[in-house]
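Welcome! Here is a short tour for anyone meeting this structure for the first time. Take a look at it below, and then we can walk through it together.

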Amino acid sequence: MAAALIDGKLIAQKVKDEIQKRVDNLKAKGITPGLGVILVGEDPASQAYVGMKEKTCKKLGIHSEVYRLDGNTSEKEVLDLLEKLNNDSNIHGILVQLPLPKHIDEWKVLDAIDPQKDVDGFHSINVGNLCIGRDAFVPCTPLGVIVMLEHCNVDLTGKHVVVVGRSNIVGKPMAQLALQRHATVTIAHSRTKDLAAITRQADVLIVAVGRPKMITKDMVKEGAVVIDVGINRVESGLVGDVDFDGVKEVASQITPVPGGVGPMTIAMLMHNTVLSAERRKNNV
Ligand code: NDP
């Protein structure tokens, strides 16, 4: 039997409907959530992502300020702008679109964001807090995956979750979140031996690698839930890291690409921004 489709667009819309109510509530109390975005350089994919974030803010009535800086901007200029945004009471969330040009130290920049405005969850303090189970801003893509699984009534307790990919923005925080939800977690990466033997053990398989259709039907256990984070541009358009047509024959639930995890990521960025504004309101 073919797998049920996990419709990221639909789930993201439901999440955004809830966020809309929270924005309206804040506005009724005189607070407009605000997001500051810094984009350095002309990378087309980054420009497209920033454009989508800006559009979604507008739709939800979240104030957004996008700083589009040219590729030669110095590290100091970016740090100065961050300081300004850190001190701006109209801005509740700050994100620096990655990747940054090579002459800018990414960690220095990410750690210059006020952790309480770090809605991408990449500041070392938020990374550390996530690892020890304290309140933290959680990176949007893995958070989106968790919300998606919750919407599909997938309880991770006692499940074997296999995460393929160990990046700081997806794989590692994904594994932490699954661990917090009492899953038994395996992380696989480019040096993993016999990947298929590991992925076949997964009750929930989450793939974030960036290699088109690398997970094939023979690598997936019958009835597994398969979440494809990958976005790869190929001649025919966008495809994920999972060979969707083959894997859907064995999985119980599966996300498509596009229309799976992608829309959740932006929805969770909006969630984190509104959360930051709500926290500030409660602290005033
Ligand atoms: P990175 O390139 O930072 O990390 C890729 C990971 O995959 C690394 O840990 C790497 O291992 C691992 N890997 C590479 N080759 C293999 C292999 N043959 N077998 C097993 N593991 C392998 O990518 P990101 O985490 O940033 O992104 C992953 C994918 O997710 C990309 O396609 C990206 O476009 C997409 N993405 C989608 C988002 C969304 O909103 N849907 C958001 C963010 C990313 P090693 O560490 O050993 O090098």
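This is a predicted model: local features need pLDDT of at least 70, side-chain atom pairs count only at pLDDT 80 or more; totals for chains, interfaces and linings use all residues.

**Around the ligand**

- The ligand is surrounded by 25 residues, and the closest are Ser 167, His 189, Ser 190, Gly 210 and Thr 265.
- Which helix gives the largest share of the shell around the ligand? That is helix α10, spanning residues 261-283, with three residues.

- Five bridges link strand β5 (residues 160-164) to β6 in the parallel sense.
- To find one of these pairings, look for Val 162, whose bridge partner in β6 is Thr 186.

**The three-stranded sheet**

- Another open sheet has three strands in the order β3-β2-β4, again with parallel pairing.
- Here the edge strands are β3 (63-69) and β4 (93-96), each pairing on one side only.
- From one strand to the next, the twist averages 15 degrees.
- Strand β2 (residues 34-40) pairs with β3 in the parallel sense over seven bridges. Val 37 has Val 66 as its bridge partner in β3.
- Helix α2 (residues 44-60) packs on this sheet, where it touches β2 and β3. Its direction makes about 165 degrees with that of β2.

**Two helices side by side**

- How do α1 and α10 meet? The axes of helix α1 (residues 8-28) and α10 come within 9 Å and cross at roughly 20 degrees.
- Angles under 35 degrees count as roughly parallel, so α1 and α10 are roughly parallel to each other.
- The crossing of these two helices, α1 and α10, is left-handed.
- On the α1 side, the contact includes Ile 11, Val 15, Ile 19 and Leu 26. On the α10 side, it includes Met 264, Ala 267, His 271 and Val 274.
- Sorted by class, the contact of α1 with α10 has 13 nonpolar, three polar and five charged residues.

Note on methods:
Residues are numbered from 1 along each chain as its sequence is written. A residue is near a molecule or strand if its C-beta atom, placed from the backbone, lies within 6 Å of it. Helices (H or I, at least four residues) and strands (E, at least two) are DSSP runs, numbered from the N terminus. Two strands pair if DSSP finds at least two bridges between them. Axes are lines fitted to C-alpha atoms, for helices over the stretch in contact, and angles run from 0 to 180 degrees between N-to-C directions. Angles under 35 degrees count as roughly parallel, over 145 as roughly antiparallel, 65 to 115 as roughly perpendicular and the rest as oblique. A crossing is left-handed if the near helix is turned anticlockwise from the far one by less than a right angle, and right-handed if clockwise. Two residues are in contact if their C-beta atoms, placed from the backbone, lie within 7 Å. Ala, Val, Leu, Ile, Met, Phe, Trp, Tyr, Cys and Pro count as nonpolar, Asp, Glu, Lys and Arg as charged, and the others, Gly among them, as polar.
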